[in-house]
Amino acid sequence: MNQAIPLTEGGVRRQASPAVVWRIARHEWRLLRRDRVAVPALALLLLLAVTALFTAWEHRRSADAERSRYQAQVHQEFESQPDRHPHRMVHYGHFVFRPLAPLAAFEAGVDSYTGHTLYLEGHRQNSANFGDVRQSSLLLRFGQLTPAFVLQVLAPLVLVIVGHASLARERESGTLRLLLAQGVRPGRLLAGKMLALAGAAGLMLLPAALGLGAATLSGAAPASLGLAWLAAHAAWLLLWVMAVVATSTALARGRDALMLLLAAWAVVVVLLPRLAAEVAASTRALPTRFETDITVARELAALGDSHDPDDPYFADFRRQVLAQYGVSRVEDLPVNYKGLLGMEGERLTSALFDRHAAAGFALQAAQLRTVDALAWAGPVIALRRISMAVAGTDLASYRSFVEQGEQFRYRMVQALNRLQADKLPYAQDRSSRDVRIGREHWHGLADFRYQPAPPAEVLRQALPAAAVLLAWLAGLGLLLRALAGRLGRSVR
């Protein structure tokens, strides 16, 4: 039932501006409590938000505990290997697991697609494996139930349902002209409507805010990153509050406002992010894994064969080593030439792998720049960039893990090659099956510690996306100001 906003003595002319705005908001909240659609929609969203918070946090906790357990297990197995030839240990290899950031429970990001396990071995650079999407049902591809999904996708839809008729209701019932004639300024009227809808948005944000507060107070997550995540989603919901009220003000009927807002939600929240990804993939196509492997194999063959004594590059390398130590034969070297040869081969192949990995990440960065350019048309893209960055689940975090894993692999393999050069005499090093060194040499080689980016660096990377959200808020503010002016002129 449509009701006019109750006024007291002398209308609202004698009331201060905040009192008028607050009175309008309170009236909107009373109407909201009587709405048979809005209340169930809000209740359902809150239930989903609470469920998403607990299930996502439990999933993150169990996954991180599992990875930590596996990391400790493979570390113990590496160090418990028996006496072996160092080159055998190079091919035995090692696994490293990417630890989950505390805020990964709030935003899954690209983690489900990129994988979290690296197998490190000599002469090869492997990609991360065991992404959740590859091991789960196809339903995971449609989005996990996380606090980010609830706030980014579902909350705007509920705001549309709740607030689409906020101004149109007054116009259709004939109370809008009465309110303006009695002295309610259009700006205050719109502010009251937005305050009421912002209250509903704050209620939607509350479960995530409580979860972030618990994570930061316990020391699990940096407070600056938690506040940044919360502020970005608060700005996103405020953007929709302003858009809903502006649409309801601009259109004559609530039904028309509802249809337009639903279409806007479908385009901005659902269609545009997927379209942006397709545009980026088509304009900056990545080579397939098969194509990359063929290119790498060709370039590896061109580097030379360390087992061929007549290979030009390694023949020259042998002459340099002999000259450095002042001897004429590899048998006279104070170190094992095979270990030095392994170190030089690993240096060459690792440089090749690094070059191709950097080229692949550069193409992905170019794709992201294309997507970022489309964020000006769809602010949800900017929001997701901020959300994934502060949660540690974006491409930059994945790249950091892969690169740190590769650096660790290179140091580990070169340390084993150095053991071969220093601990095994060249004359005895004829078979890796017969010549061995003590198992105590493996201790300390498998210690991998992933270091996430400092919070200040993460926030700096999120600034361009934050500027997009602020620009949208400023634009909607200007639109609302213009609509308020039009409302004022309508009663003159």
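## Aromatic contacts around F401

F401 and Y450 are both buried in this predicted model. Together with F408 and F448, these two residues make up one aromatic cluster. The structure has 13 aromatic pairs.

One of the pairs is formed by W57 and F106, with an edge-to-face arrangement, a centre-to-centre distance of 6.4 Å and 70 degrees between the planes. W57 belongs to helix α2 (residues 38-79), while F106 is in the loop between β1 (94-97) and α4 (111-114); the two are 49 residues apart, and the pair links distant parts of the chain. W57 has a relative accessible area of 29% and is therefore partly exposed. F106 counts as buried because its relative accessibility is 1%, the cut-off for buried being under 20%.

F401 and Y450 also form an edge-to-face pair. Their ring centres are 5.9 Å apart, with 75 degrees between the planes. This pair, too, links distant parts of the chain: F401 lies in helix α16 (residues 395-423) and Y450 in the loop between α16 and α17 (455-490), 49 residues apart.

## Nonpolar cores

The largest nonpolar core contains 82 residues. Those touching the most other members are L159, L189, W229, W236, L237 and W240. Helix α10 (residues 223-250) contributes the most to this core, giving 15 residues. Another core lies apart from it and consists of 25 residues, including V90, V96, F361 and F408.

Beyond its neighbours within four places in sequence, W229 is in contact with F106, E107, P147, A148, L151, A208, L212, S387 and V390. F106 in this list is the ring that pairs with W57.

H233 is part of helix α10. Its relative accessibility is 0%, so H233 counts as buried. Residues up to four places away in sequence aside, H233 touches A148, L151, Q152, L205, L383 and S387. Among these, A148, L151 and S387 are also contacts of W229.

## Charges over rings

Two cases place a charged side chain over an aromatic ring. In one, the charged end of R69 sits over the ring of Y70, at 5.5 Å from the ring centre. In the other, K338 lies over the face of Y426, 5.9 Å from the centre of the ring.

Technical notes
Residues numbered from 1 in each chain as written. Predicted model: local features only at pLDDT ≥ 70, side-chain atom pairs only at ≥ 80, totals over all residues. Heavy atoms only, no water. Core = buried A, V, L, I, M, F, W, Y, C linked by side-chain atoms within 4.5 Å. Buried < 20%, exposed > 50% of the residue type's maximum accessible area, 1.4 Å probe, protein only. Helix = DSSP H or I, 4+ residues; strand = E, 2+ residues; numbered from the N terminus. Contact = heavy atoms within 4.5 Å. Phe/Tyr/Trp six-rings, centres within 6.5 Å; stacked < 30°, edge-to-face > 60°. Lys NZ or Arg CZ within 6 Å of the ring centre and 35° of its normal.
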